[in-house]
Amino acid sequence: MKKQIVPGTISTKDLHQYIIGAVAPRPIAFVSTLDENGIANLAPYSFFNAFSSNPPILVFSSNRRVSDNTTKDTLHNVRQTRECVVNVVPFSIVRQMSLASVEFPSEVSEFEKVGLTPEPSQTIQAPRVAESPVNMECRVKDIIELGEHGGAGHLIICEVTLISVSESVMTEQRLDPNKLDLMGRLGRNYYVRASGAALMEIYQSVTEIPVGFDGLPEHIRTSSVLTGNQLAALASQVRTPAAEDVERIKEEKGLWMGDSMLEKHVKAATLIEEGKVWDAFCLLMTAS
Ligand SMILES: Cc1cc2nc3c(=O)[nH]c(=O)nc-3n(C[C@H](O)[C@H](O)[C@H](O)COP(=O)(O)O)c2cc1C
């Protein structure tokens, strides 16, 4: 049974929790701006993502407060200056980021309140966060108002003018997720740390056409042992093992020849989890 939630029939506060709980984890834009008097502002926004690489476009949304329908300093500042820096949030500054979400008065700079260091940007006036390993300097192309009531967003569409990357988060000229150690936002007060055991690498060829679920032999597709993810690993192969592939594997690994079909499926599941998907596929082809 699935609960059906119709927007408009529950409070905006409750609907918001369903949305942020379900659309998760979300990246966090730690946005630095300047007001018209040159006071720096810093605030986290997780209604945020990248939407284009050419031109390079980031979008985040500054919402009207549900409690009193007021708008936020970041929105005011980007309207005035048409620029901002999107700084990424690694684990090392996650609590400072959270502290920056407090509604300090407009004339107070969050940089001082949360102990982070403003450093000059190269292409715009708004400062970067020195402690953030990736800073994206942006010009604001457009601001789209999504509604007039509490909870309504303003889409702030930004074109990146410069990306500044710390060498410390690179491996062989690429951003390294383990070194970056980024945080993501979920519902309620939950965050996720995107490094170590939380990372999962899935290699998927996009140029060669895989066999797909419907291309798997019946006894594999209807296995009572293999999970959807394990079947998908098999279905991602670009061909079904031929008789000679199976023979070669039999000769090389011979261990499963006397096993029952069920045992072969159990062994195949283990092989898939070990990353030996092709061996598992060959083994399963001997189980029909
Ligand atoms: C992780 C995190 C993500 C947030 N994401 C958003 C968001 O996407 N949109 C929004 O309006 N407020 C969001 N907030 C709340 C704002 O950060 C908060 O209202 C802040 O005081 C706004 O600061 P400003 O007035 O300086 O712009 C978020 C808060 C946290 C801690």
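**The surroundings of the ligand**

Around the ligand there are 20 residues, among which Tyr45, Phe47, Asn63, Thr74 and Ser101 come nearest (a residue is near a molecule if one of its heavy atoms lies within 4 Å of it). The model is predicted, so local features need pLDDT of at least 70 and side-chain atom pairs count only at pLDDT 80 or more, while totals for chains, interfaces and linings use all residues. Residues are numbered from 1 along each chain as its sequence is written, and side-chain values use heavy atoms, with hydrogens and water left out.

At Asp73, a backbone N or O atom is 2.9 Å from an oxygen atom of the ligand. On its own the ligand has 640 Å² of accessible area, and the protein covers 90% of this (areas come from the Shrake-Rupley method with a 1.4 Å probe).

The space that the ligand takes is the largest pocket; a pocket, found on a 1 Å grid over the protein atoms alone, is an open set of points where a 1.4 Å probe fits, with protein on both sides within 12 Å along at least five of seven lines, and a molecule sits in it if more than half of its atoms lie within 2 Å of its grid points. Strand S3 (40-45) and helix H2 (73-81) are the elements that give two or more residues to the shell around the ligand (helices of at least four residues and strands of at least two are DSSP runs). S3 supplies the largest share of that shell, namely four residues. Sorted by class, the shell holds seven nonpolar, seven polar and six charged residues, where Asp, Glu, Lys and Arg count as charged, and Gly counts among the polar residues.

The peptide bond from Asn54 to Pro55 is cis, with omega near 5°, and Pro55 lies in the loop between strand S4 (48-53) and strand S5 (56-61). Another cis bond, with omega near -5°, runs from Ala24 to Pro25, and Pro25 is found in the loop between helix H1 (12-22) and strand S1 (26-27).

Definitions and conventions:
A polar contact is a pair of N or O atoms within 3.5 Å; within protein, one must be able to donate a hydrogen and the other to accept it, and residues adjacent in sequence count only if both atoms are side-chain atoms. On a 1 Å grid over the protein atoms alone, a cavity is a set of points where a 1.4 Å probe fits but cannot get out, and a pocket is an open set with protein on both sides within 12 Å along at least five of seven lines; lining residues have an atom within 4 Å of a point.
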